[in-house]
Amino acid sequence: MTREQLVKQIYDKGSYLCVGLDTDSTKIPAHLSGNPDAIFLFNKAIIDATRETCVAYKINTAFYEALGTKGWDAMEKTVHYIGADHFKIADAKRGDIGNTSDQYAKAFFETLPFDAVTVAPYMGEDSVRPFLEYEGKWAIVLGLTSNKGARDFELQASGDGLLYEKVLKTVSSWGTSQNLMFVVGATQAEAFTRIRELIPDHFLLVPGVGAQGGSLQEISEKAMIKDCGLLVNASRAVIYASGQEDFSSAAAAVAKQYQEEMGTYL
Ligand SMILES: O=C(O)c1cc(=O)[nH]c(=O)n1[C@@H]1O[C@H](COP(=O)(O)O)[C@@H](O)[C@H]1O
């Protein structure tokens with residue numbers, strides 16, 4: 001999906017919500033959990049319930065890989081079920097020597113129809129480049145993450161700034177704002193102004209609202225740009241809004257609330 005197509009989806013729907021399909025097999029409601037296809041059926045119900053209120057889905061591959069081939073099959077079925085209108089992110093946090101990253105890119109962009117993969121930048125340019133070589137596909141590189149471990153490296157001084165600032169500056173020269181986004185955690189709200197000084201044009205994938213407590217209002221006020229430039233992810237707050245038979249209507253209601261609030265910022 002190109003930036004233009006993504007931006008059109010955002011303004012058509014009045015939403016920059018990304019629903020995170022972090023589907024934990026131990027949290028599937030009881031009425032589904034005995035079904036051999038439970039993970040996919042859960043995802044399908046969530047997708048049907050949130051299609052109109054979100055523009056992206058982020059599949060966190062860990063939750064699927066943890067189940068072996070059964071999980072991978074559920075992920076494949078899910079990404080195909082989402083279809084072409086939504087921006088599909090493989091949250092796999094990949095990145096390795098060039099010929100290995102080539103294979104990761106092939107896995108998510110050719111074998112599977114994802115639009116974007118999250119990438120860890122630690123191994124440098126040759127580990128990120130393979131993800132930038134596909135027309136209409138995106139690398140979403142970790143910038144400043146939402147977790148407390150961000151302090152261990154990302155927020156440490158490096159040269160004349162912080163390490164994450166160096167990552168944003170350097171990585172942004174490897175691609176363009178048409179094929180490269182950055183992850184910035186919603187819990188890092190005080191950094192958003194500085195981040196927009198460094199990368200004024202790039203889309204940001206912002207996880208950390210909902211269960212991790214980040215403020216949608218604060219992020220939107222500090223980091224929204226003229227064509228929005230934000231995808232805000234919520235996983236647990238949406239998909240586990242209820243653990244009962246009404247889980248999909250509860251998810252729909254939470255996603256709608258996010259969409260309505262987002263509409264006021266767009
Ligand atoms: O890359 C990510 O998506 C990510 C980066 C980050 O800094 N923090 C973060 O929480 N995430 C992911 O975003 C999702 C957040 O989930 P919830 O806290 O349940 O909304 C999970 O899939 C995390 O792996």
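Q: Let's start inside the protein: is Cys228 buried or exposed?
A: In this predicted model, local features need pLDDT of at least 70 and side-chain atom pairs count only at pLDDT 80 or more, while totals for chains, interfaces and linings use all residues. Residues are numbered from 1 along each chain as its sequence is written, and side-chain values use heavy atoms, with hydrogens and water left out. Buried means under 20% relative accessible area, exposed means over 50%, and partly exposed is in between (1.4 Å probe, protein chains only). Cys228 has a relative accessible area of 0%, so Cys228 is buried.

Q: Where in the chain would you look for Cys228?
A: Helices (H or I, at least four residues) and strands (E, at least two) are DSSP runs, numbered from the N terminus. Cys228 has a phi near 80 degrees, a positive value in a residue other than glycine. You will find Cys228 in the loop between α10 and β10 (230–234).

Q: How many disulfides does a search of the whole structure find?
A: A disulfide is a covalent bond between the sulfur atoms of two cysteines. For the search, a pair of cysteine sulfur atoms must be within 2.5 Å. The number of disulfides found in the whole structure is zero.

Q: How far from Cys54 is the nearest cysteine sulfur?
A: Cys54 is buried, because its relative accessible area is 0%. Cys54 is in no disulfide, and the nearest cysteine sulfur, that of Cys18, lies at a distance of 7.3 Å.

Q: What share of the residues of the protein counts as buried?
A: The C-alpha trace spans about 55 × 45 × 35 Å along its principal axes. Of the 266 residues, the share that counts as buried is 54%.

Q: What share of the contacts with a separation of 6 or more joins residues 24 or more positions apart?
A: Contact means heavy atoms within 4.5 Å. Among contacts in the protein with a separation of 6 or more, residues 24 or more positions apart account for 72%.

Q: Which residues does Tyr57 contact, and where is Tyr57 found?
A: With a relative accessible area of 0%, Tyr57 is buried. Leaving aside neighbours within four places in sequence, its contacts include Cys18, Val19, Leu21, Ile47, Phe87 and Ile89. The C-alpha atoms of Tyr57 and Ile89 are separated by 6.2 Å, though the two residues are 32 residues apart along the chain. Tyr57 itself is found in strand β2 (residues 56–60).

Q: How far apart in space are Pro207 and Gly185, C-alpha to C-alpha?
A: Pro207 lies in strand β9 (residues 204–207), and at 16% relative accessibility Pro207 counts as buried. Not counting residues up to four places away in sequence, Pro207 touches Ser146, Val183, Val184, Gly185, Ala186 and Asn233. Pro207 and Gly185 are 22 residues apart in sequence, and in space their C-alpha distance is 5.3 Å.

Q: Which residues are in contact with Gln212, leaving aside its neighbours within four places in sequence?
A: Gln212 lies in the loop between β9 and α10. At 38% relative accessibility, Gln212 counts as partly exposed. Once the sequence neighbours are set aside, the residues in contact with Gln212 are Ser146, Thr187 and Arg236.

Q: Which residues does Gln217 touch, not counting those up to four places away in sequence?
A: Gln217 lies in helix α10 (residues 216–223) and counts as partly exposed, at 40% relative accessibility. Beyond those sequence neighbours, Gln217 touches Glu261 and Tyr265.

Q: What is the phi of Lys93?
A: Lys93 has its place in strand β3 (residues 87–94). At 44% relative accessibility, Lys93 counts as partly exposed. Although Lys93 is not a glycine, its phi is positive, at about 45 degrees.
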